[in-house]
Amino acid sequence: MELPQSTIYTRHIDTKRDALEMSGVAVVVTVYKRYDFVERAVRSVVSQLTPDDEIIVVADSPENLNFARERVRTVRCDSPYWGECVVRGVQESTKDLIFF
């Protein structure tokens with residue numbers, strides 16, 4: 001049985017040229033009550049991205065995040081389910097290529 005594909009989860013890239021013409025990527029980092037590792041994870045992501053890329057941190061309590069946010073957008077997601085928070089990050093993204 002084949003499952004239907006959702007447009008939220010699937011953004012198809014037709015050719016290698018299309019991938020090269022994209023204007024940056026997005027990285028979605030989800031956090032649920034584990035703030036001790038977030039700063040290190042975000043620093044690692046920032047060091048690997050270009051200025052056109054975006055970082056979205058989806059957290060149950062964004063006010064508990066203690067790091068510089070000049071390149072990081074924070075989004076609230078009260079759900080304890082990882083999938084729902086990932087979808088929230090995808091919805092907030094402005095990029096075509098999204099990593100988790």
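What follows is a close look at helix H2 and the parts around it.

Reply: A word of caution comes first. This is a predicted model.

Start with the whole chain. It holds three helices and four strands. Along the sequence they follow the pattern α-β-α-β-β-α-β. Of the 100 residues in the chain, 36% are buried. Among contacts between residues at least 6 apart in sequence, 59% join residues at least 24 apart.

Now the sheet. Its four strands are ordered S3-S2-S1-S4, the sheet is open, and the pairing is parallel. Strand S3 (72–76) and strand S4 (98–99) stand at the edges. Each has a single partner strand, so one side of each is left without a neighbour in the sheet. Strand S1, residues 26–31, pairs with S4 over two bridges. There, Ala26 has Ile98 of S4 as its bridge partner.

Helix H2 covers residues 38–48 and packs on this sheet. It touches S1, strand S2 (54–59) and S3. The direction of H2 makes about 165° with that of S2.

Which residues of H2 are buried? Val38, Val42 and Val45 are. Seen down the axis of H2, the buried residues fall within an arc of 60°, so they line one face of the helix. An α-helix has 3.6 residues a turn, so residues three or four places apart point the same way. The cover over the buried residues of H2 includes S1, S2 and S3.

The face away from its buried side carries exposed residues: Arg40, Arg43, Ser47 and Gln48.

Next, look at S2, one of the strands that H2 touches. S2 is mostly covered, with six of its six residues buried. Glu54, Ile56 and Val58 point one way from S2. Ile55, Val57 and Ala59 point the other way. Again a general rule applies. In a regular strand the side chains alternate between the two faces of the sheet. S2 also runs parallel to S1, and six bridges join them.

In helix H3, residues 82–92, Cys85, Val86, Val87, Gly89 and Val90 are buried. The buried residues of H3 pack against S1, S2 and S4.

Now go to the loop between S1 and H2. Lys33 lies in this loop. Its phi is positive, about 60°, although Lys33 is not a glycine. Most residues other than glycine have a negative phi. Is Lys33 buried or exposed? Lys33 is exposed, because its relative accessible area is 53% and the cut-off for exposed is over 50%. Lys33 also lies over the face of Tyr32, at 5.1 Å from the ring centre. As for pairs of aromatic rings, a search of the whole structure finds zero.

Asp36 is found in the loop between S1 and H2 too. Its relative accessible area is 54%, so Asp36 is exposed as well. Asp36 and Asn66 are 30 residues apart along the chain, and their C-alpha atoms are separated by 9.4 Å.

To sum up, H2 has its buried residues on one face and exposed residues on the face turned away.

Terms used. Residues numbered from 1 in each chain as written. Predicted model: local features only at pLDDT ≥ 70, side-chain atom pairs only at ≥ 80, totals over all residues. Heavy atoms only, no water. Pairing = 2+ DSSP bridges. Contact = heavy atoms within 4.5 Å. Axes fitted to C-alpha atoms, helices over the stretch in contact; angles between N-to-C directions. Buried < 20%, exposed > 50% of the residue type's maximum accessible area, 1.4 Å probe, protein only. Arc of directions from axis to C-beta. Phe/Tyr/Trp six-rings, centres within 6.5 Å; stacked < 30°, edge-to-face > 60°. Lys NZ or Arg CZ within 6 Å of the ring centre and 35° of its normal.
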